[in-house]
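User: I am new to this structure and would like to go through how its parts are arranged. Please take it in questions and answers.

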Amino acid sequence: METPKIKAKVVVVGAGAAGIAAATLLFKNNFDVIVYEASDRIGGRMRTHKTPEGWIELGAQWVHGEQQWLYDYAAEHGLLGRSVVMAEESGILQESGKQVSVSDFGRLSEKSNVFGDMLCKDELRKVDKLQSVGEFLTNIYYQTSQDLTDLEKAELESAYDWFIRVTKMDAGSDTLHDVNVRNYIDETCIGNYNHQLNIPFADLFDHVRNYPKEGKEFPLERVKFNTAVAALKFLPENKQVQVTTAKGEVIEADHVIVTVSLGVLKAHQHTLFQTPLPARTKLAIDLLGYGTVGKVVCFYDEPFWKDWKFDYVRGDVKALSLFWKGDLDDFQNDPEKRYDNKPWYRAIRSFVVAQFHPNVLVAFLAGSHTNTMEKLSEDDVSRDITALLRRFSGRNVPAPKKIIRSSWSCDKNFNGTYSYLSQAARKAEVSAEDLGQPAWKYEKQFNERNVQVPGLLFAGEATHTKYFSMAHGALMSGWREAQRLIDGYSTVHI
Ligand SMILES: Cc1cc2nc3c(=O)[nH]c(=O)nc-3n(C[C@H](O)[C@H](O)[C@H](O)COP(=O)(O)OP(=O)(O)OC[C@H]3O[C@@H](n4cnc5c(N)ncnc54)[C@H](O)[C@@H]3O)c2cc1C
């Protein structure tokens, strides 16, 4: 395509995956682009903690699925690490502290597979489009539990409970009763679900700032760090958007691409957008779902779990999954409600041995308890985790010598982790597509033609119709909006 010989000024709000992808493509197409970033780093929800041994991801960790841009790019450039099949590497710990035998394991995994299989099957397509994932799984639980003995029922309940915590982590939601089945009907992940990168996610930006490879790398001097954008206003007479930063700086731009998280949009839409947004954009901001997942990284002197042999694990244990006793009885319609009055660590799904760090366990959890965890002191989190591991293993597990943890929910630059299609959004028939629509359109003369261009554009994971919530969805949304502007200046209409 011919490079537009223009100097339109574009402000990109946010230096995460979407923001850097958009800024780079525009920069390589001769736009005058500047990025405003509230924090002191690029990367957003891709956040790597580097250590002498390697790195630990506090945000995005896996390349999800195959046949998508990030997988293909990583494969082509030798950046793909190993593919992870958790089931083959995971020891199970039970709340009772009782050792899980090979036959116990066989029965428990068979029972949890019931839920996994159904969530990927055509069965899902047959259910009412307004059904939630929570309702769907609860129905399967009750159907499957009929005619079981008490012991079998208890095992099914434990397996169901574990599967709910895994799926909440995947969906990034406080409750699966708010996640619409469509999240799982559209097959977004082809092939193996989890692939590691052999570089830190944070270093992926060295590639993104050079993609596509034609033209110069996007220079970091064009990112204004520690500069949150506080307000955006369309000035029809100037045909520009006025950008006001939290520091009080006011500038004007021809176009603004907003890439902040859905959580930030929900919290600040009324002050951030001083000119009204289209009705469907507002609806999408209000109704699309956005939740929190969390990680607690526990550093130990030695891998005390090394001698916990599980006959059913091939090779070393790389994860410890927690199977609680079921306690469904009072919560038939919404079994997740049983978590409400429970301590935060009830939400932990598993402990995973960190890549490069044989002495480090990472606890994964999801839902509103993540927010509670973020607000506790490190000592309290450390104490609770030690008590939990002692109870489930029946052994005198040491306390971690240090912990670090994510704080996505409390960090005002994110207000959570990633988006999902909520029940309310499905009912109102709004989706990520509505959030990705440009606004504040105006007409301007360019190369002796009238072009229709938007003043305001939206990118970010929550705007990607297929890969919302994921890193590659965020990248692709950034390129999509940059391309929208490039095309706008190359053709008569957008
Ligand atoms: C714990 C966790 C685990 C994840 N795991 C995976 C995974 O394994 N695989 C996967 O594919 N994806 C995963 N994701 C999702 C993936 O990280 C995100 O989809 C992606 O990084 C989002 O990028 P983004 O550019 O849309 O938004 P962000 O990364 O949120 O970027 C937006 C930027 O805007 C900045 N900002 C906010 N407010 C303002 C303001 N007012 N002015 C200026 N700047 C502002 C923020 O600081 C941020 O840098 C995970 C996310 C989390 C949090």
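This is a predicted model: local features need pLDDT of at least 70, side-chain atom pairs count only at pLDDT 80 or more; totals for chains, interfaces and linings use all residues.

User: Are α3 and α6 parallel, perpendicular or oblique to each other?

Analyst: The axes cross at roughly 50°. Angles under 35 degrees count as roughly parallel and 65 to 115 as roughly perpendicular. The two helices, α3 and α6, are therefore oblique.

User: How do the residues of the contact of α3 with α6 divide by class?

Analyst: On the α3 side the contact has R107, L108, K111, S112, F115 and G116. On the α6 side they meet E155, L156, S158, A159, Y160, W162 and F163. By class, the residues of this contact are seven nonpolar, three polar and three charged.

User: Which strands stand at the edges of the open sheet, and why is one side of each left without a neighbour?

Analyst: Six strands form the sheet, with mixed pairing, in the order β7-β16-β17-β18-β15-β19. Each edge strand has a single partner, so one of its sides has no neighbour in the sheet. The edge strands are β7 (90-94) and β19 (402-405).

User: Which residue in β18 stands opposite V352?

Analyst: Strand β17 (residues 348-353) and strand β18 (residues 360-366) run antiparallel and are joined by five bridges. Opposite V352, the residue in β18 is V362.

User: What angle does the direction of α12 make with that of β19?

Analyst: Helix α12 (residues 378-393) packs on the sheet and touches β7, β15, β16, β17, β18 and β19. The angle between the directions of α12 and β19 is about 105°.

User: Which element gives the largest share of the side of domain 1 that touches domain 2?

Analyst: The domain assignment gives domain 1 as 9-79 + 198-290 + 417-490 and domain 2 as 83-195 + 293-405. Their contact takes 25 residues from domain 1 and 28 residues from domain 2. On the domain 1 side, β5 (63-66), β20 (418-420) and α13 (423-427) each supply at least two residues. The largest share, four residues, comes from β5.

Notes:
Residues are numbered from 1 along each chain as its sequence is written. Axes are lines fitted to C-alpha atoms, for helices over the stretch in contact, and angles run from 0 to 180 degrees between N-to-C directions. Angles under 35 degrees count as roughly parallel, over 145 as roughly antiparallel, 65 to 115 as roughly perpendicular and the rest as oblique. Two residues are in contact if their C-beta atoms, placed from the backbone, lie within 7 Å. Ala, Val, Leu, Ile, Met, Phe, Trp, Tyr, Cys and Pro count as nonpolar, Asp, Glu, Lys and Arg as charged, and the others, Gly among them, as polar. Two strands pair if DSSP finds at least two bridges between them. Domain bounds come from an automatic or database domain assignment.
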